[in-house]
Amino acid sequence: MKMGEKFPAVVIEDIDGKAVSSLRELGLGDLPDRDVLVEVAFSSLNYKDGLAVSGNKSRVARTLPMVAGIDLAGTVVESRSPAWKPGDKVVVNGWGMSETRWGGYSRYQRVDAGWLVPLPDVFTFEQAMAIGTAGYTAALCVDALEEWGTVSVDEGEVLVTGAAGGVGSVAIALLAARGYSVTASTGRPETGEYLHRLGARATIDRGELSAAGRPLQKERWSGAVDSVGGVTLVNVLAQTVYRGAVAACGLAGGADLPGTVLPHILRGVALLGVDSVMAPRSKRDSAWGRLARDLDTGLLADMTQVVPMSRVGDFAPEILAGRIKGRVVVDVTR
């Protein structure tokens with residue numbers, strides 16, 4: 001790639017006071033001055049990407065102009081860091097990309113050396129972005145539950161909320177691979193067969209968890225992965241067994257937590273907050289190691305669709321409306 005050549009990118013700009021995303025032509029000179037230049041092969045579409053591309057809702061992109069995309073997978077082209085060399089295959093998740101730093105919806109991007117994780121040999125670039133931040137977050141959640149130490153494969157059910165989404169789909173597959181009895185909560189009955197293929201032994205309607213309930217309810221879940229938040233998370237905590245744990249990583253159902261401390265102080269239930277954006281390298285390596293070890297790539301293919309970068313704007317409203325099943329991979333070459 002020569003300095004004067006152009007390449008496509010999805011850029012969010014302020015036009016007459018409104019945030020508008022469009023496919024633009026950029027050059028290397030337009031990119032930020034960071035240590036490593038990556039030729040991007042694939043990115044992905046997450047809920048946060050949908051907000052950013054659809055008029056920058058919730059002001060996800062804090063400064064404009066902004067290149068969207070919170071993920072990328074590709075090959076190092078240039079590096080000022082001794083940690084990386086041309087030809088290295090890498091993944092970047094989070095670190096404020098598409099929020100405060102330019103992101104992965106670009107054929108080339110410059111990133112800080114500390115953001116990069118080596119791509120595990122078992123995954124292609126496309127598979128890495130089929131996992132993406134959602135799948136990597138799911139792996140962090142499973143790590144957190146197992147580190148807590150009281151969630152057992154021998155007894156009890158592990159609940160996954162938002163089960164048909166990106167985090168939920170990968171969480172089910174990872175938990176089932178470890179031998180857990182997984183129950184999937186979803187508001188889309190038509191996804192039942194899909195969820196069972198991923199490894200869920202049972203499904204429940206999300207309506208069972210979305211209405212306000214008692215502070216302490218019948219104990220059922222030995223652990224849970226929650227990407228919904230709000231009342232759903234309150235009910236999950238109220239139904240978690242003594243010394244169980246809930247790994248919470250999302251707020252699709254709300255950022256509030258309208259509950260009480262009773263599950264925590266009477267049953268010792270742990271609420272484990274999981275952050276994927278600024279997670280340290282050790283956590284990232286552990287999560288990607290789990291994905292390489294436990295995630296069936298056949299199941300990964302079943303939960304993935306690939307779209308060209310030129311059509312990201314068409315799919316963004318779909319993910320915001322909850323109509324996307326599994327993962328959307330973005331081919332930045334198209």
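Which side chain meets R311 in a salt bridge? Select R311 and D314: their side chains meet in a salt bridge at 3.1 Å, N to O. The term covers a side-chain nitrogen of Lys or Arg within 4 Å of a carboxyl oxygen of Asp or Glu. R311 counts as partly exposed at 40% relative accessibility, and D314 counts as partly exposed at 47%. Here buried means under 20% relative accessible area, exposed means over 50%, and partly exposed lies in between (1.4 Å probe, protein chains only).

Before moving on, a word on the model: it is predicted, so local features need pLDDT of at least 70, side-chain atom pairs count only at pLDDT 80 or more, and totals for chains, interfaces and linings use all residues. Residues are numbered from 1 along each chain as its sequence is written, and side-chain values use heavy atoms, with hydrogens and water left out.

Next, select D294 and R290, whose side chains form a salt bridge at 3.7 Å, N to O. Both sit in helix α8 (residues 281–294), 4 residues apart, which means about one helical turn separates them. Helices are DSSP runs (H or I, at least four residues) and strands likewise (E, at least two), numbered from the N terminus. Both D294 and R290 are buried.

Now pick R107 and E39, a salt bridge at 3.1 Å, N to O. This pair links distant parts of the chain, 68 residues apart: R107 lies in the loop between β6 (89–93) and β7 (108–111), and E39 in strand β3 (residues 36–45). E39 is partly exposed, with a relative accessible area of 28%.

To finish, zoom out: the structure holds 22 salt bridges.
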